[in-house]
Amino acid sequence: MQIAHYGGGEAYTDNKGPFKDRVEFVGNPKRRDGSILIKNLDFSDNGTFTCDAKNPPDIVGRPSNVRLLVFENCKLGN
């Protein structure tokens, strides 16, 4: 499932599915930064996500993975 992509100078995020209205593109393509922000995380969001950036002929990289682990919310301090 694709949750975000960037093309034609615009960022597109998931408008259906489990990440609807919770994904925001926060990267800077000019700096080769494709970062996203997933809001209101839930235990069901745990998993491995893959980033696969391609923009031939300039950018043809290998996919990279990040594992997301969601823990119980706990307050710090008194």
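One term before we start: a residue is called buried when its relative accessible area is under 20%. Keep in mind, too, that this is a predicted model.

Now select Asp 45, in the loop between β4 and β5. Is Asp 45 buried or exposed? Its relative accessible area is 3%, so Asp 45 counts as buried. Show what surrounds Asp 45: leaving aside neighbours within four places in sequence, Asp 45 is in contact with Phe 19, Arg 22, Asn 40, Leu 68 and Val 70.

Pick Arg 22 from that group. The side chains of Arg 22 and Asp 45 form a salt bridge, 2.9 Å from N to O. This pair ties together distant parts of the chain, with Arg 22 in the loop between β2 (10-13) and β3 (23-25) and Asp 45 in the loop between β4 and β5, 23 residues apart. Arg 22 is buried as well, at 13% relative accessible area.

Glu 24 sits in strand β3 and Lys 39 in the loop between β4 and β5, 15 residues apart. Glu 24 is partly exposed at 34%, and Lys 39 is partly exposed at 36%.

Last stop: the largest pocket, with about 990 Å³ of space. Select Phe 25, Gly 34, Cys 51, Asp 52 and Ala 53, the closest to its centre among 30 lining residues. Then colour β8 (64-68), which gives the most to this lining, with 5 residues. By class, the lining has 15 nonpolar, 9 polar and 6 charged residues.

Terms used: Residues numbered from 1 in each chain as written. Predicted model: local features only at pLDDT ≥ 70, side-chain atom pairs only at ≥ 80, totals over all residues. Heavy atoms only, no water. 1 Å grid on protein atoms, 1.4 Å probe; cavity = no way out; pocket = protein on both sides within 12 Å on 5 of 7 lines; lining within 4 Å. Points joined across faces, edges and corners; volume = space filled by probe spheres on them. Helix = DSSP H or I, 4+ residues; strand = E, 2+ residues; numbered from the N terminus. Nonpolar A, V, L, I, M, F, W, Y, C, P; charged D, E, K, R; others polar. Buried < 20%, exposed > 50% of the residue type's maximum accessible area, 1.4 Å probe, protein only. Contact = heavy atoms within 4.5 Å. Salt bridge = Lys/Arg side-chain N within 4 Å of Asp/Glu carboxyl O.
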